[in-house]
Amino acid sequence: DSGVTQTPKHLITATGQRVTLRCSPRSGDLSVYWYQQSLDQGLQFLIQYYNGEERAKGNILERFSAQQFPDLHSELNLSSLELGDSALYFCASSVSTGARSGDTQYFGPGTRLTVL
Amino acid sequence: AQSVTQPDIHITVSEGASLELRCNYSYGATPYLFWYVQSPGQGLQLLLKYFSGDTLVQGIKGFEAEFKRSQSSFNLRKPSVHWSDAAEYFCAVTPPFGTDKLIFGTGTRLQVFP
């Protein structure tokens with residue numbers, strides 16, 4: 001158990017819909033990262049937050065957005081869903097202050113999103 | 001282009017045999033280097049990481065990796081594989097500049113036969 005929790009475990013929805021994925025980091029970790037794992041794109045970095053502020057952006061679509069709340073949990077919002085958005089979405093957390101440090105990222109179990 | 005390459009998509013070994021999983025990177029400077037393991041239905045777990053110093057790094061579960069600057073490689077090794085090592089293995093880097101985002105290779109699926 002990494003100490004990172006993600007809800008829900010599974011999500012099945014239809015095209016055009018909007019969903020919210022939730023992540024609670026390990027106690028004391030201020031940085032949260034979101035990654036997408038799909039068959040065609042592999043594991044891709046989406047976005048990083050540190051203490052409520054966005055720190056880095058990867059290949060995140062405009063239809064996707066995220067935020068980190070004062071209690072440090074984070075939510076990833078996916079809207080206007082398409083079939084290609086079906087993937088496993090991972091959240092990770094670390095003690096990193098946001099600058100490059102190499103601090104270990106601890107991954108949650110993921111949320112499997114299926115878009116029908 | 002900057003990238004992380006894992007040339008082997010699928011490797012099969014017998015239990016007790018030695019293992020080497022390959023990873024190459026293409027960056028102007030040496031990135032931070034990581035190996036993660038993903039068991040079926042699980043998240044990713046860090047096996048080991050390298051920033052600088054001794055080029056042979058020891059990790060958890062009996063794994064080690066060797067950094068070779070001349071070959072831009074960071075190969076993962078284990079002297080004797082156990083059936084429980086069957087999983088997908090990802091090499092990842094934190095690029096030389098920016099934040100701690102991880103860039104992953106495509107992964108190598110390890111199958112272990114008894």
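Q: What does buried area mean for two chains?
A: Buried area is the accessible area that two parts lose on being put together, summed over both. In this predicted model, the area buried between chain A and chain B is about 1700 Å². Carbon and sulfur atoms give 52% of that area.

Q: What makes a residue part of the contact, and how many residues does each chain give?
A: Contact needs heavy atoms within 4.5 Å. Chain A gives 22 residues and chain B gives 23 residues.

Q: How many salt bridges and how many polar pairs are counted between chain A and chain B?
A: A salt bridge needs a side-chain nitrogen of Lys or Arg within 4 Å of a carboxyl oxygen of Asp or Glu. The count between the two chains is zero. Polar contacts are another matter: 13 residue pairs are counted, both residues being at pLDDT 80 or more.

Q: Which strands of chain A each supply at least two residues of the side that touches chain B?
A: They are β4 (31–38), β5 (42–50), β6 (53–57) and β9 (87–94) of chain A. By class, this side of chain A has ten nonpolar, nine polar and three charged residues.

Q: Why is A:Gln6 called buried?
A: Buried means under 20% relative accessible area. A:Gln6 has 5% relative accessibility, so A:Gln6 counts as buried. This residue lies in strand β1 of chain A.

Q: Why does A:Asn51 count as partly exposed?
A: A:Asn51 has 45% relative accessibility, so A:Asn51 counts as partly exposed. This residue is found in the loop between β5 and β6 of chain A. A:Asn51 has a positive phi of about 50 degrees although it is not a glycine.

Q: Why is A:Ser80 put in the partly exposed class?
A: A:Ser80 has 42% relative accessibility and therefore counts as partly exposed. Its place is in the loop between β8 (74–78) and β9 of chain A. A:Ser80 is not a glycine, yet has a positive phi of about 45 degrees.

Q: What is the omega of the peptide bond from A:Thr7 to A:Pro8?
A: Omega is near -10 degrees, and the bond is cis. A:Pro8 is found in the loop between β1 (5–7) and β2 (10–13) of chain A.

Q: How do you know that β5 and β6 of chain B pair?
A: Pairing needs at least two bridges. Six bridges join β5(B), residues 32–38, to β6(B), and the strands run antiparallel. B:Leu33 stands opposite B:Tyr50 in β6(B). The two strands form a hairpin with five residues between them. B:Gly41 in the turn has a positive phi of about 75 degrees.

Q: What makes β6 of chain B mostly covered?
A: Five of the seven residues in this strand (residues 44–50) are buried.

Terms used
Residues are numbered from 1 along each chain as its sequence is written. Chains are lettered from A and ligands numbered from 1 in the order in which they are written. This is a predicted model: local features need pLDDT of at least 70, side-chain atom pairs count only at pLDDT 80 or more; totals for chains, interfaces and linings use all residues. Side-chain values use heavy atoms; hydrogens and water are left out. Buried means under 20% relative accessible area, exposed over 50%, partly exposed in between (1.4 Å probe, protein chains only). Helices (H or I, at least four residues) and strands (E, at least two) are DSSP runs, numbered from the N terminus. Buried area is the accessible area (1.4 Å probe) that two parts lose on being put together, summed over both. A polar contact is a pair of N or O atoms within 3.5 Å; within protein, one must be able to donate a hydrogen and the other to accept it, and residues adjacent in sequence count only if both atoms are side-chain atoms. Ala, Val, Leu, Ile, Met, Phe, Trp, Tyr, Cys and Pro count as nonpolar, Asp, Glu, Lys and Arg as charged, and the others, Gly among them, as polar.
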